[in-house]
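Let us walk through a protein chain stop by stop. Keep the model open and find each residue as it comes up.

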Amino acid sequence: MLCTKFSAMGLVWALAMKMAIEEINSSSSLLPGVYLGYDLYDTCTLSMVTMKPSLLFMSQSGSRNIGAYCNYTQYWPRVVAVIGPHSSELALITGKLFGFFLMPQVSYGASTDRLSNRELFPSFFRTIPSDRVQLQAIVELLSLFSWNWVAAVGSDDEYGRQGLSVFSSLASNRSICIAHEGVLPLPKAQDSKDLGKVESILHQINQSAVQVVILFSSDTAARVLFQYCIKTKVTPKVWVASESWLVSDLVTKLPGIQSVGTVLGFLLQGSPLPEFSDYVDRCLSQAANQTFCDTLREAPPRSEDDVVGPQCPQCDDISHENISFGLQHHQTFAVYAAVYSVANALHLSLGCNASGCPSQNRTRPWELVSKMYDLRFRARSLTLQFDDNGNVDMIYDLKLWVWHNEELELLTVGSFQEGLTLNRSQIRWHTQGNKEPVSRCSRECEEGQIRRVKGFHSCCYDCVDCKAGTYRKNRDDLTCSPCGYNQWSPDLSTQCFPRTLKFLAWGEPVVVALLVLMLLGVALSLSALGLFCCHLGSPLVQASGGSLSCFGLGCLTLVCLSVLHFPGQPSTVGCLAQQPIFHLPLTGCLSTLFLKSAETFLASEFPGRAGRFRRWLHGPQAWLLVALLLLTEGMLCTWYLLAFPQLMVTDWQVLPREALVHCRVRSWFSFGVVHVVNVALAFLCFLGTFMVQSQAGRYNLARGITFAMLVYFITWLSFIPLFANVHRVYQPAMQMTAILVCALGILATFYLPKCYLLLWEPHLNTQEFFQSFLELGPRDRGEDQEGKAAKKRSQ
């Protein structure tokens, strides 16, 4: 098979290789005394043509035969290293062949990531990075502009297919969705069906919201695509180019190419070869010299002409203008560096120094390969080093197509080496007003929102608010993360905040109001106590219980003061003390009222026997009964505290932003049992007084006790449903309210009316007005009954 098309770039790269070899041969430091020879062959970008010279390279030195041996360590092939080929597809074929013989092969253009596999290609090296690096740079570019809804198109060859595969993997890891993916047919295989594929790809891209297209293809396939774009007037897009077509004149010279949109792409920085243009001129001038050409024709025919074919017929008419566009091509330096990598490996293998290369032994290919692993060498201004996969690390420049009328300028707007740096202000977009294009399936979610994916692409979603108690941890989260038990968050939050402790604090308005009410109760009860003490011997105080009534007022004062224990941060000791602090003084107060109730009941219902019980309702026996009742209540409180102690707990859930610290009742039944003594006393007081009729000319002691007990029952019966339904934060305040209302109710219905009589009706403070039935003798009681009957008859 013969080459029928002239490759201008192939000639440029061949001349770059020739220049590098001549430099090395004329150098006195790299390989002094050693001269490199070379053979150049055109691959025609065809695998069959490529294999012919490859087999010739592997033939034994001095022959055209390849020996079949079990061990090739002593094998001497015709050459010690191979430069090229440029194509990834051809390098995959030759790489396996040369790898079997451990022949070092250095490519200047084969960038597919598959060639980094050291098990399959142990002797393959290249002076350009793998496509993976360029694709990583493209992904970084997309991420920087937040373009996550893109189309990816590749050519139907190894370069394009492998590029699409690697890009798909890298894009997925960065949450970039490929809306459409297509493969462009190669021009040499085009037919009407292939053109239909191109039309279908462009139709899908044009009808979608995609504004960015990744075109990773050969320049010939890219040319076909853009020809159709220009013909059908596809909406301008952002085209992210692979370096194979970014600077190709097959694309840049297309009429109307300026209308396709914004073109961005990465190009190897390399190192300039300023003298290369003059070198090419000299070579072409020499080739145009008829005398020089005549000397070539007089040379004996090469034995391998029947292997690789005759001389290229188009090569006779090459001029500087034919290849001028490729003189500054970025891969020209890669060819130059490839030659220097082999030369540096030979320098190490031969043990060369400034005086020469002392080793007289020839270098076998496998020995050269061992020197090239991790080889560090210099090519012009750059220092390059092969990594473990045979690749070199080089800087990529981000280039932008800028048109000046019909002239194209490649403007550098950024660079990539491990990370992307970008100068956004230099980029000129195709959009109106130079507005930065947006290529997203869905809008960016706001802070505190997560994405609810719809369809098959993670980039197409609805934005859902994170509710209180949850937050968006990462930008790409698909669910809201719950806050910890000791944290809180508002709606639309991106973080959680620590909860503060919440309890019934002194400064809260409700507590302040209750404290004012408590002070009122304490002031009234202490005032009444002082007034009763001042008039202790008066009939009113004696009829109310005397010293027992003063004791009851003191207990009532303690009941009011017990609410001081509720505000402030609870503690374990405080929770344990709540029950006895309140219940015991209330029992003391109710026990004194119980004695007066019993006295009134006996005088009303059993007047004949009341006198015999009087000693049990007055004097030491009365105090003994009060002590027994207090002891009983104290025993119940002690049992409750030991068996079912209240605990201080922290509730992390009941409040949205705080942690509620409160005392928890472990057993409501036992809590009710503690109230039994007080409830029983109140009930007996009520039973003993509510049916008692007032006596003419006497003060009705029973009425005050009756109303006091009514207040007690109304307060605590109302407390139960209110306490159960009020928010847990205000349950202590509700309990304080019930205690104060109960105390003030007893004070207002039983004690304060007597204080009124002492202060404003002193004339009623007489023995006759406050004399009870127990204090009347039999004669007095009979006279009193006759007086009542006479008064009734007179009426």
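Phe690 is partly exposed, with a relative accessible area of 39%. The cut-offs are these: buried means under 20% relative accessible area, exposed over 50%, and partly exposed in between (1.4 Å probe, protein chains only). Phe690 sits in the loop between α23 (676-689) and α24. Helices (H or I, at least four residues) and strands (E, at least two) are DSSP runs, numbered from the N terminus.

A word on the source. This is a predicted model, where local features need pLDDT of at least 70, side-chain atom pairs count only at pLDDT 80 or more, and totals for chains, interfaces and linings use all residues. Residues are numbered from 1 along each chain as its sequence is written, and side-chain values use heavy atoms, with hydrogens and water left out.

Together with Phe683, Leu684, Leu687 and Met691, Phe690 makes a nonpolar surface patch of about 480 Å². Nonpolar side chains (Val, Leu, Ile, Met, Phe, Trp, Tyr) are joined within 5 Å, like charges within 9 Å. The areas come from the Shrake-Rupley method with a 1.4 Å probe, and for residues only the protein chains shown count as cover.

Now follow helix α24 (residues 701-725) to Ala724. Ala724 is exposed, at 60% relative accessible area. The C-alpha atoms of Ala724 and Met734 are 10.0 Å apart, and these residues are ten apart along the chain.

Next, some backbone details. Thr45 has phi near 55 degrees, a positive value in a residue other than glycine. Thr45 lies in the loop between α1 (8-26) and α2 (47-58), and is exposed at 58%. Leu102 also has a positive phi, near 55 degrees. Its loop runs between α3 and β2 (105-107). Leu102 is partly exposed, at 33%. The peptide bond from Gly84 to Pro85 is cis, with omega near -5 degrees. Pro85 is in the loop between β1 (82-83) and α3 (88-100).

Finally, look inside. A cavity is a set of points, on a 1 Å grid over the protein atoms alone, where a 1.4 Å probe fits but cannot get out; lining residues have an atom within 4 Å of a point. There are three cavities of 30 Å³ or more.

Technical notes. 1 Å grid on protein atoms, 1.4 Å probe; cavity = no way out; pocket = protein on both sides within 12 Å on 5 of 7 lines; lining within 4 Å. Points joined across faces, edges and corners; volume = space filled by probe spheres on them. Patch = residues over 30% accessible without salt bridge, like charges linked within 9 Å, V, L, I, M, F, W, Y side chains within 5 Å. Salt bridge = Lys/Arg side-chain N within 4 Å of Asp/Glu carboxyl O.
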